[in-house]
Amino acid sequence: MSGVPFLDLKRQYLKIKPELDQAVMRVVDSHAFILGPEVEAFESEIAKYLGVKYAIGVASGTDALILALKALGIGPGDEVITSVFSFFSSASVISWLGAKPVFVDIEPHGFNLDPEQIADKITKRTRALLPVHLFGEPAGMDALARIAKEKNLYVVEDACQAIGSEFQGKKLGGLSPFTCYSFYPTKVLGGFGDGGLAVTDSEPLFQKFSELRVHGAKGSGDRTTIGINSRLDALQAAVLRVKLKYLDRWIKQRRDRAKRYRELLSGLPVGLPEEKPNRKHTYNAFVITLDGRDRLLEVFKQKGIGFALYYPRPFHQFSCFKPFLAKSDKFPRAEAASKKALALPLFPELSDEEQNLVAATIKDFLKG
Ligand SMILES: Cc1ncc(COP(=O)(O)O)c(C=O)c1O
């Protein structure tokens, strides 16, 4: 066997090609490209899947986060606490609105923000918490909800990597004013391009958010808010409606693959993703940690094994976020993770043989 791809989206496509092609052609035939029946149907189907009252499709996960914060009135002078270790958007959306991102280091076991470090970061300007459910693992929502209630803070959950993940037996979404998702093609539920979603159980927040995605329009009359143009494309909605039917199956396959990696790599000096009680991980990424990672990458490259580095640079190491740092800010765990973390190939269609090759390569490398 020659090599293992990090991700092969074509395998998924080919399995359900007739359905997907038909869905795309349905939109083309109807010529209803903007919002309309496909987007409405998808919003109602995904709201049902997630167990929430309202779902609003937008152009990307980034826009979902921006509009969620905006709908809550967050802007200049406000502070929002988030993890120092995530995809760029988890922090950039805060500064894009003119607010200040305040960073918290990650937990001792895992890659999500450490709720125990939040209290020290709260000031009288803090308005919201923006936890990220990184790689598909739910963050500690019980502790976060407690802090939010005590300090009267909003919570906007970045679940862009965590569709279908569960906390205490319930899918993410509905616990907080807004939970946001991304349908970027590599996500567990990915479109044929960009797409995003925000969900809420609050009717007024649903109204506010819906106005913001269409230039602040309520009807055809006056406008009280200035919004943007950020709608989920009807073509994407049609594709996502097909894929949504397979989502639980794909999540199960990912979890089975993750379990298998855990078995294949057990007993080695490698940090494996933990399955914490009451949290259902969906493995948008299977991320291990090990010393000597960069030497292993050379071996992966020689053998044609795909990998990804999530994330080589925690937020405090980006120049654009330097103005938001306090002198006392230290993020040792995120810094260690940025040097040791390695995402292995994992997708539902990965074969046993491919997985064996990845594990054997790691084993041989560690034997020296
Ligand atoms: C954790 C996280 N937040 C936000 C985003 C932004 O989503 P999008 O790429 O759809 O704008 C992503 C995805 O790329 C993500 O992984």
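Me: Is Leu7 buried, partly exposed or exposed, and what is its relative accessible area?

Reply: This is a predicted model, and in it Leu7 has a relative accessible area of 26%, so Leu7 is partly exposed, given that buried means under 20% and exposed means over 50%. In the chain, Leu7 belongs to the segment before helix H1 (9-15).

Me: Which residues does Leu7 touch, leaving aside those up to four places away in sequence?

Reply: With those sequence neighbours not counted, Leu7 touches Thr186 and Phe347. A further pair to look at is Leu7 and Leu344, which are 337 residues apart in sequence but 9.4 Å apart in space, taken from C-alpha to C-alpha.

Me: Into which domains is the protein divided, and how many residues of each are in contact with the other?

Reply: The division gives domain 1 (9-244) and domain 2 (247-367), and the centres of domain 1 and domain 2, taken over C-alpha atoms, are separated by 24 Å. Across the boundary, 52 residues of domain 1 are in contact with 41 residues of domain 2.

Me: How should I read the pockets, and what is the volume of the largest pocket?

Reply: The general idea is that rolling a probe the size of a water molecule over the atoms shows where empty space is left. In this structure, the largest pocket has a volume of about 510 Å³, and 29 residues line this pocket, with Phe87, Gln161, Tyr184, Thr186 and Lys187 lying nearest its centre.

Me: How much space lies in the second largest pocket, and which residues are the closest to its centre?

Reply: The second largest pocket holds about 380 Å³ of space, and of the 23 residues that line this pocket, Pro108, His109, Gly110, Phe111 and Thr289 are the closest to its centre. Strand E11 (286-289) and helix H11 (332-340) each supply at least two residues of its lining, with H11 giving the most, four residues. The lining of the second largest pocket has twelve nonpolar, five polar and six charged residues, and at least three residues of this lining come from each of domain 1 (9-244) and domain 2 (247-367).

Me: Why is strand E9 described as largely enclosed by the rest of the structure?

Reply: Strand E9 (residues 196-200) is largely enclosed by the rest of the structure because five of its five residues are buried. Gly196, Ala198 and Thr200 point one way from E9, whereas Leu197 and Val199 point the other way, and all are buried.

Me: How many bridges join E9 to strand E1, and how many to strand E8?

Reply: Strand E1 (residues 54-58) runs antiparallel to E9 and is joined to E9 by five bridges, with Tyr54 standing opposite Thr200 in E9. Strand E8 (residues 178-182) also pairs with E9 in the antiparallel sense, over four bridges, and here Thr179 has Val199 of E9 as its bridge partner.

How values were computed
Residues numbered from 1 in each chain as written. Predicted model: local features only at pLDDT ≥ 70, side-chain atom pairs only at ≥ 80, totals over all residues. Heavy atoms only, no water. 1 Å grid on protein atoms, 1.4 Å probe; cavity = no way out; pocket = protein on both sides within 12 Å on 5 of 7 lines; lining within 4 Å. Points joined across faces, edges and corners; volume = space filled by probe spheres on them. Nonpolar A, V, L, I, M, F, W, Y, C, P; charged D, E, K, R; others polar. Domains from an automatic or database assignment. Buried < 20%, exposed > 50% of the residue type's maximum accessible area, 1.4 Å probe, protein only. Contact = heavy atoms within 4.5 Å. Pairing = 2+ DSSP bridges.
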